[in-house]
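Here is a friendly briefing to read alongside the model. Keep the viewer open and follow the residues as they come up.

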Amino acid sequence: AQNTQTPAGPGRMHRCDPAQMAARFKAHCEDRYAGTVGRMAYLETRLNLTGSQPSLFSAWRSVRLNIAKRDADACAQRDFSQMGKDTSPVDRMARIEDRMKMRVADLDAERPAFAALYNALSPDQQKALTPHHHRHGRHGMMGHGMGRGPMNARPPAAPQ
């Protein structure tokens, strides 16, 4: 079989065809959702939930995973036909605004369930949910970028 792709040389970027790019992006979207599922399972175990806490965690997890699944599905359906085409700053601003509106709606949906859980946790459980290196700044409680909610990036640090 002959390789029909042009090798990337100095100053040249290797470009996938749209079908390859879509397949890679779809896998990335699915991995991101799987990571959210895994982080939720990790948190549920890590928190050692008792009493009414498991049902509160379940309610929050349901909202969170529904949002993550919707995001993964939308991500996987991304249209690559316009990739690399010039868009105006006005169009980019509109897309950013739409994403921000969706994020605010997601926060509005998630906050009540998360607040109910968080308020039912002991101080030590709250610390486990919000490790020290994620408490402040833009990488704080609600994550950053495309991430969603608490513990977006990593498992919490071990207690010291």
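Two rings of Phe, Tyr or Trp count as a pair if their centres lie within 6.5 Å, with the six-membered ring used for Trp. With that in hand, ring pairs link F57, W60, F114 and Y118 into a cluster. Please bear in mind that this is a predicted model.

**Overall layout**
- The chain contains 4 helices and 0 strands, and its elements run α-α-α-α from the N terminus on.
- Of the 160 residues in the chain, 25% are buried.
- If you take contacts between residues at least 6 apart in sequence, 66% of them join residues at least 24 apart.

**Aromatic pairs and a charge over a ring**
- There are 3 aromatic pairs in the structure.
- One of them joins W60 and F114, whose ring centres are 5.0 Å apart; the angle between the planes is 55°, which makes the pair tilted.
- W60 belongs to helix α2 (residues 53-76) and F114 to helix α3 (residues 89-120), so this pair ties together parts that are 54 residues apart in sequence.
- W60 and F114 are both buried.
- Elsewhere, have a look at Y33: K69 lies over the face of this ring, at 5.5 Å from the ring centre.

**Helix α3**
- Helix α3 is built from 32 residues. From its first C-alpha to its last it reaches 45 Å, close to the 46 Å expected at 1.5 Å a residue.
- Where does α3 have a kink of about 35°? The kink lies at R111, shortly before the proline P112.

- In soluble globular proteins, nonpolar side chains tend to be buried together.
- The largest nonpolar core here has 13 residues, and L47, F57, W60 and L129 are the ones that touch the most other members.
- Helices α1 (18-46), α2, α3 and α4 are the elements that give two or more residues to this core.
- Which residues does F57 touch, not counting residues up to four places away in sequence? They are M40, L43, E44, L47, L49 and L117.

Methods:
Residues are numbered from 1 along each chain as its sequence is written. This is a predicted model: local features need pLDDT of at least 70, side-chain atom pairs count only at pLDDT 80 or more; totals for chains, interfaces and linings use all residues. Side-chain values use heavy atoms; hydrogens and water are left out. Rings of Phe, Tyr and Trp (its six-membered ring) pair if their centres lie within 6.5 Å; planes under 30 degrees apart count as stacked, over 60 as edge-to-face and the rest as tilted. Buried means under 20% relative accessible area, exposed over 50%, partly exposed in between (1.4 Å probe, protein chains only). A charge sits over a ring if NZ of Lys or CZ of Arg is within 6 Å of the ring centre and within 35 degrees of the ring normal. The expected span of a helix is 1.5 Å times one less than its number of residues. The bend at a residue is the angle between axes fitted to the seven residues ending there and the seven starting there. A nonpolar core is a set of buried Ala, Val, Leu, Ile, Met, Phe, Trp, Tyr and Cys residues joined through side-chain atoms within 4.5 Å. Contact means heavy atoms within 4.5 Å.
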